[in-house]
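Here is a protein chain to look at together. Let's ask what the words used for it rest on.

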Amino acid sequence: MSGAKPASEHVGFPTGDANKHSADGCCNPVKKSGPISMDHVLLALRETKEEREIRLRSLFNFFDATNLGYLDYPQIEAGLSALQIPPEYKYAKDLLKVCDANRDGRVDYLEFRRYMDDKELELYRIFQAIDVEHNGCILPEELWDALVKAGMPNQPYFLLLNYS
């Protein structure tokens with residue numbers, strides 16, 4: 001399949017450009033005060049509301065390959081496989097259960113978007129909790145401290161972080 005785009009490109013994942021440092025050396029500085037909101041997430045992602053909507057719609061459409069207007073278990077499973085997520089990490093049933101707010105066995109776009117809103121806010125809150133210097137970058141020391149607080153220093157992958 002030469003010339004085919006990788007799955008990540010089809011679903012609108014950020015390119016490497018989103019991770020470039022700004023002029024002041026920060027990875028993604030967000031200097032917006034107040035309770036964490038979707039505006040913070042948009043600033044961190046360097047996205048407009050419209051760009052985010054396009055990204056989420058593109059991701060939903062990627063999973064809804066048959067254009068049914070909703071996602072069901074087989075579509076979620078196929079989408080995860082297309083993204084080359086190893087079978088042991090597939091959570092299609094869990095994802096369906098969490099997203100399907102009205103319990104009809106399907107995930108429509110609004111349910112999907114609500115789920116994505118919640119997850120992106122949660123990830124941003126976690127990032128902010130780890131980024132204790134609030135400079136938009138997670139330093140190795142900050143990551144180490146966060147993993148220690150989470151009780152993870154005895155995990156094999158954690159030991160790799162301390163090889164230097």
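Helix axes here are lines fitted to C-alpha atoms over the stretch in contact, and angles run from 0 to 180 degrees between N-to-C directions. Helices (H or I, at least four residues) and strands (E, at least two) are DSSP runs, numbered from the N terminus. This is a predicted model: local features need pLDDT of at least 70, side-chain atom pairs count only at pLDDT 80 or more, and totals for chains, interfaces and linings use all residues. Residues are numbered from 1 along each chain as its sequence is written, and side-chain values use heavy atoms, leaving out hydrogens and water.

Q: Why are α3 and α6 called oblique to each other?
A: Helix α3 (residues 49–63) and helix α6 (residues 109–130) pack at an angle of about 120°, and their axes are 11 Å apart. Angles under 35 degrees count as roughly parallel, over 145 as roughly antiparallel, 65 to 115 as roughly perpendicular and the rest as oblique. So α3 and α6 are oblique.

Q: How do you know which residues of α3 and α6 meet?
A: Contact means heavy atoms within 4.5 Å. On the α3 side, R52, E53, R55, L56, R57, L59 and F60 take part, and they meet Y109, F112, R113, M116, D117 and E120 in α6. By class, this contact has six nonpolar, no polar and seven charged residues. (Ala, Val, Leu, Ile, Met, Phe, Trp, Tyr, Cys and Pro count as nonpolar, Asp, Glu, Lys and Arg as charged, and the others, Gly among them, as polar.)

Q: What makes phi of R46 worth a look?
A: Most residues other than glycine have a negative phi. R46 is not a glycine, yet its phi is positive, about 55°. You'll find R46 in the loop between α2 (38–45) and α3.

Q: Why does R46 count as partly exposed?
A: Buried means under 20% relative accessible area, exposed over 50%, and partly exposed in between (1.4 Å probe, protein chains only). R46 has 39% relative accessibility, so R46 counts as partly exposed.

Q: What about R103: why is R103 called buried or exposed?
A: Its relative accessible area is 56%, so R103 is exposed. R103 sits in the loop between α5 (92–99) and β2 (107–108), and its phi is positive too, near 55°.

Q: How much of the chain counts as buried?
A: Of its 164 residues, 30% do.
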